[in-house]
Amino acid sequence: MFILQTLSQSNSQKSTTSTDEENGSVWKGMKNFANMLMEDPVVEEELPPPDPTEGVDCGLGKLQISLSYDFQTLTLTLKVLQATNLIAKDFSGTSDPYVKILLLPDKKHKLLTKVKKRNLNPRWNECFLFEGWPHNKLLEKTLYLQVIDYDRFSRDDPIGETYIPLNEIDLSQSPVMWRFLQPCKDSRGKLGELLLSLSYQPAVGRLTVIVMKAKDLKAKDITGASDPYVKLWLMYGNAKTEKKKTSIKMRTLNPVYNESFIFEIPWERIREATIEVTVMDFDKVGRNEMIGKVMLGSKSGPLESRHWNDMITKPRQQVAQWHLLKD
């Protein structure tokens, strides 16, 4: 079994479970969120001194991490320390960076650091533990780290990435290393992206979803285009209770809708509700075909649940975000 667990300083825990098809081992990823404020707090622990940086300097900045391995508990510890000289992605001349972590080839289970607001030299000092991994199995894995600029009103923008094959690292030496960030190989979704805006009024239990536009949709017709429309389902658990849909935009992969839909969701049920948003290709002759979908809710993926939780914490405000469409 495969277990992912996050741990904060307040000892709150969340876990999800799935199957590791490769070796059936158990591993846990735990996060210690030390820095919660928009401005960097005083760091009690002194960071290691700078050391030589590996990789090619592409002008995107560099990332410092440390790795260690406990051979008795079969635990790999990753500490994301800091980044320096990140490029600015916002019009204000700064960025709001966070780090996404994968243990490749597994791409389904990702870990995320906290977002550091308006900071091109962020310090995270966050630990991630992967438990139950025999050393010989870890040597078959590659640690992937991507620094991303968080954007509340549009799609998050990748800054750069680095790959660390663990068979090239002497984990017994607990190395501390700098890595130059490289341009991201694939920063766009293969199915396209969808811009959605959410607003919730807790006093009356009303959720407003605005389907704004989509871009770079996958072509479904032999003409190289699609006839997309968007379908929305209100769900509680696996039960679908209410459906709405947009108009059809003919022969385009970049449709603009700006259509709003209202769902009545009582405040006491807002955290158990989910909105399934599906982009469909209309077909006059055959069956309509799905292009991709997004699940919005407090228990969805990291980026989807963040959008939902932002909506909850900002009542009566429109909160917009780009989402990658998934199969």
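Leu194 is in contact (heavy atoms within 4.5 Å) with Val211, Lys213, Ala214, Val230, Val277, Val279, Gln321, Trp322, His323 and Leu325, leaving out residues up to four places away in sequence. This is a predicted model, in which local features need pLDDT of at least 70 and side-chain atom pairs count only at pLDDT 80 or more, while totals for chains, interfaces and linings use all residues. Residues are numbered from 1 along each chain as its sequence is written, and side-chain values use heavy atoms, with hydrogens and water left out.

**Nonpolar cores**

- Leu194 is among the residues with the most contacts inside the largest nonpolar core, which has 30 residues; the others are Leu207, Leu232, Phe263, Ile265, Ile275 and Trp308.
- A nonpolar core is a set of buried Ala, Val, Leu, Ile, Met, Phe, Trp, Tyr and Cys residues joined through side-chain atoms within 4.5 Å.
- At least two residues of this core come from each of strands E12 (193–201), E13 (206–215), E14 (228–236), E16 (256–264), E17 (273–281) and E18 (289–297), and from H2.
- Another core, of 29 residues, lies apart from it and includes Leu86, Leu103, Leu111 and Leu143.

**Overall fold**

- The protein chain contains 2 helices and 19 strands; these are DSSP runs numbered from the N terminus (helices H or I, at least four residues; strands E, at least two).
- Of its 327 residues, 46% count as buried, where buried means under 20% relative accessible area, exposed over 50% and partly exposed in between (1.4 Å probe, protein chains only).

**The open sheet**

- Four strands form an open sheet in the order E15-E14-E17-E18, with antiparallel pairing; two strands pair if DSSP finds at least two bridges between them.
- Strand E15 (239–245) and E18 are the edge strands, each pairing on one side only.
- Antiparallel strands E14 and E17 are joined by 9 bridges, and Met235 stands opposite Thr274 in E17.
- H2 packs on the sheet, touching E17 and E18, and its direction makes about 55° with that of E18; axes are lines fitted to C-alpha atoms, for helices over the stretch in contact, and angles run from 0 to 180 degrees between N-to-C directions.

- Ser305 belongs to helix H2 (residues 302–313) and is buried, with a relative accessible area of 12%.
- Beyond its neighbours within four places in sequence, Ser305 contacts Gly297, Ser298 and Ser300.
- Val319 lies in strand E19 (residues 319–324) and counts as buried at 3% relative accessibility.
- Between Val319 and Ser199 the C-alpha to C-alpha distance is 6.4 Å, although 120 residues separate them in sequence.
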